[in-house]
Amino acid sequence: MATTLAKAADGTASLTHAARIQHVSKSYPGPAGQQLVLDDITLDVAPGEFVTLLGASGCGKSTLLNLVAGLDRPSAGEIATDGRPALMFQEHALFPWLTAGKNIELALKLRGVPKAERRERAGELLELVRLKGAHGKRVHELSGGMRQRVALARALAQESKLLLMDEPFAALDAITRDVLHDELTRIWRETQVSVLFVTHNVREAVRLAQRVVLLSSRPGRIAREWTVGIPHPRRIEDTAVAELSVEITEELRGEIRRHGQH
Amino acid sequence: MASTDSTTVAKDGNDLAGLEAGLDALETRQTGRTPFRQTFTEKILPPVLAVVLVLAVWQALVSFKVVDDPSKLPAPSAVWDVVQTAWLQGELLGYIWTSVSRGLLGFLFALLIGTPLGLIVARVKFVRAAIGPILSGLQSLPSVAWVPPAVIWLGLNNSMMYAVILLGAVPSIANGLVSGVDQVPPLFLRAGRTLGATGLKGTWHIVLPAALPGYVAGLKQGWAFSWRSLMAAEIIASFPDLGVGLGQLLENGRNASDMAMVFEAILLILIVGIAIDLLIFSPLERWVLRSRGLLVKN
């Protein structure tokens, strides 16, 4: 990660960006020399904003998220975030040797929250994701949807200004995913956290986001952006959601088609 | 949980909480412990029957005079008499304790050395390249091979016994930890890093607990190796001043050409080895696996 923006003196949001990605490129050594994965990405996430990154395979959306999370360094360009972002994966990534509650408490502990407060705070976070009684449950005792909610609670325990989500609901069944979309929207509005959400599901992107950013593939470039003005609560079957999804899907298919023409 | 959530429904005025509680209830698998009856018929009864069968065949060989020479094959009852006499004279527990205390203390030392060694080999590339292959190679060296040099270096005393145990158990424990660390899913390491668990914190909170199943498997094997090397050391280096352990008992039986005593010693060595595994290592392993959902049957 490049630099961390200085915090405002009074701690309130005088910052204009939760994340600032400027001219970021990333290449990896490949069989035919350096392979460019991300090409000159510039993207800002405002405090409290919900942005989805949409793209087909090979667009480098997960790579970009790893760069913002500080798990990897960009080859060129600058990334600045307000503190260390929280990251949620497609797999729940909960630690199986800890209970659901202790997973959250570990996040609090690593952030330096004193022991006396941890249990209570973990309880509040579990209540926020509507899993009040699950503190002592082992990870394998929870359903897929419950695991992702605990993972969300653990990510929120970091109290980061920015929550990065890497296709967190892709492995869930459609009914559970739909419910978790509602939950995520509710929690985002309650906590005012900024979200950068990666997906290849157009409807999911439109349903959740204030802004949808379409990435082209190989190398990943920002192809187009849409501001989503549909008021909440949104439903996946809403006409407005469907109409915008059709438009974005057309664009996405166009991007994919270009790769078959060489 | 459904009842607490239904109150939220009334408050929120939407059905999301109720919907979610319903999904949770539908998707949660109920896992209970297996009833004792089932454990008894599936786990306890078969080995007991096998032992009974072996004893019956043994007794039959002697009773029907298939083997007629008690100095070659004593009757089970004769062996039992020897065991009973040793018990009545108060010596039996002494034999067992001499060996078990040596074995466990030696194992504890092996644990203290093998654990940091395994961690360093697993985490430091250079050390791994340097001694990793030697460490796994040492596992295939029978630890009896260490008895002669240990006697020459340390003499006929307890330190020599401990040295042999260490050389047998340390590679197993260290290798167990190394393979445990190697099998930690990279996702856990990434998740740990985003939570701020880097460096020593990452090792303590993420790597070590994640590597625990491999480590415990290494401990189990380490104990088996400790016990074997100790018996070898006791048989080869029996010396009256060292106190009589199970290995010396076996050697004494051979010297006295007392086959019942030899059988007594072999059975005790076997039973103690199994008992320690059943009482300490198997429960530990099951606990580790069960708490991670790795023992749940479908």
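This is a predicted model: local features need pLDDT of at least 70, side-chain atom pairs count only at pLDDT 80 or more; totals for chains, interfaces and linings use all residues.
View 1. For chain A as a whole, the mean pLDDT is 86, with 94% of its residues reaching 70 or more.

View 2. An unreviewed UniProt entry places the feature "domain: ABC transporter" at residues 19-244 of chain A. This span is 35% helix and 28% strand, and its end C-alpha atoms lie 26 Å apart.

View 3. Begin with β2 (residues 19-30) of chain A, which pairs with β3 (residues 33-45) of chain A in the antiparallel sense over nine bridges. A hairpin of two residues joins β2(A) to β3(A). To find your place in this pair, look for A:Ser27, which stands opposite A:Leu36 in β3(A). β2(A) also pairs with β5 (residues 76-81) of chain A, again in the antiparallel sense, over five bridges. Here A:Ser25 is a handy landmark: its bridge partner in β5(A) is A:Ala76. As you follow the side chains, remember that in a regular strand they alternate between the two faces of the sheet.

**View 4. Six strands of chain A form an open sheet.** Reading across, the strand order is β6-β7-β8-β4-β9-β10 (chain A), and the pairing is mixed. At the edges sit β6 and β10 (221-227) of chain A, each of which pairs on one side only. From one strand to the next, the twist averages 20°.

View 5. One place to look is A:Leu162, whose bridge partner in β8(A) is A:Ser194. The helix α4(A) lies across β6 and β7 of chain A and runs at about 170° to β6(A).

**View 6. Chain A meets chain B.** How many residues does each chain bring to the contact? Chain A gives 31 residues and chain B gives 29 residues. On the side of chain A that touches chain B, the elements that give two or more residues are β6 (86-88), α2 (100-110), α4 (144-157) and α5 (174-191) of chain A. The most comes from α5(A), with four residues. Sorted by class, this side of chain A has 16 nonpolar, seven polar and eight charged residues.

**View 7. Chain B is built from helices.** Its secondary structure comes to 12 helices and zero strands. The radius of gyration of chain B is 26 Å, well over the 19 Å that the globule rule gives for 298 residues, so chain B is more spread out than a compact globule. Along its principal axes, the C-alpha trace of chain B spans about 90 × 50 × 30 Å.

View 8. An unreviewed UniProt entry places the feature "transmembrane region" at residues 44-64, 103-122, 134-154, 160-181 and 262-282 of chain B.

Key: Residues are numbered from 1 along each chain as its sequence is written. Chains are lettered from A and ligands numbered from 1 in the order in which they are written. UniProt positions are given in the numbering used here, feature names are shortened, and annotations may be inferred rather than shown by experiment. Two residues are in contact if their C-beta atoms, placed from the backbone, lie within 7 Å. Ala, Val, Leu, Ile, Met, Phe, Trp, Tyr, Cys and Pro count as nonpolar, Asp, Glu, Lys and Arg as charged, and the others, Gly among them, as polar. pLDDT is the predictor's confidence in each residue, from 0 to 100. Two strands pair if DSSP finds at least two bridges between them. Axes are lines fitted to C-alpha atoms, for helices over the stretch in contact, and angles run from 0 to 180 degrees between N-to-C directions. The radius of gyration is taken over C-alpha atoms; the globule rule is 2.2 Å times the number of residues to the power 0.38.
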